Amino acid sequence: MKIEHKKRLIKYNDKMFSCTTSIAMELIGGKWKSVILIYLVDGKKRYSELKKLISTITERTLSLQLKQLEKDGLITRKVYTKKPPLKVEYALTPFGQSLEPILLSIANWGAIVAKEKGEVIEG
């Protein structure tokens with residue numbers, strides 16, 4: 001696939017971008033967004049499950065990133081209040097599911113890098 005490079009502006013969510021890659025990185029860039037999304041690829045998760053899976057993220061950061069992903073339309077947040085304790089589940093929206101092949105490609109590439117250049121520490 002050839003990408004056309006030309007000077008332009010793209011308006012998305014009331015922000016201006018000079019490149020479509022910038023829009024993608026706005027939605028999934030940063031240290032945690034794609035990590036959260038990859039854990040939701042195989043199904044819905046509770047907040048506590050995500051926190052256990054992503055052990056190096058702080059609770060505040062996880063909460064903020066989940067709110068941003070929900071605001072951007074990539075995940076849904078469903079609250080169950082019928083009986084205590086309160087239960088909250090997060091899942092990918094159809095828009096979020098459209099990222100699955102990209103997230104899996106990134107994860108597979110990361111696994112290759114970890115194997116060839118890193119050290120996997122079981123824990």
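This is a predicted model: local features need pLDDT of at least 70, side-chain atom pairs count only at pLDDT 80 or more; totals for chains, interfaces and linings use all residues.

Residues are numbered from 1 along each chain as its sequence is written, and side-chain values use heavy atoms, leaving out hydrogens and water.

The protein has 6 helices and 5 strands; these are DSSP runs numbered from the N terminus, with helices being H or I of at least four residues and strands E of at least two. The C-alpha trace spans about 55 × 40 × 25 Å along its principal axes. Out of 123 residues, 26% are buried, meaning under 20% relative accessible area with a 1.4 Å probe, protein chains only.

Now find the open sheet: 3 strands in the order 3-5-4, paired antiparallel. Strand 3 (45–46) and strand 4 (75–80) sit at the edges with a single partner strand each, so one side of each has no neighbour in the sheet. Pairing here requires at least two DSSP bridges between the strands. Strand 3 joins strand 5 (residues 87–92) in the antiparallel sense over 2 bridges, and Lys-45 stands opposite Tyr-90 of strand 5.

Lastly, look for helix 2 (residues 33–40): this helix lies across strand 3, strand 4 and strand 5, and runs at about 95° to strand 5. Contact here means heavy atoms within 4.5 Å, and the angle, on a scale from 0 to 180 degrees, is taken between N-to-C directions of axes fitted to C-alpha atoms, for helices over the stretch in contact.

Notes
Buried means under 20% relative accessible area, exposed over 50%, partly exposed in between (1.4 Å probe, protein chains only).
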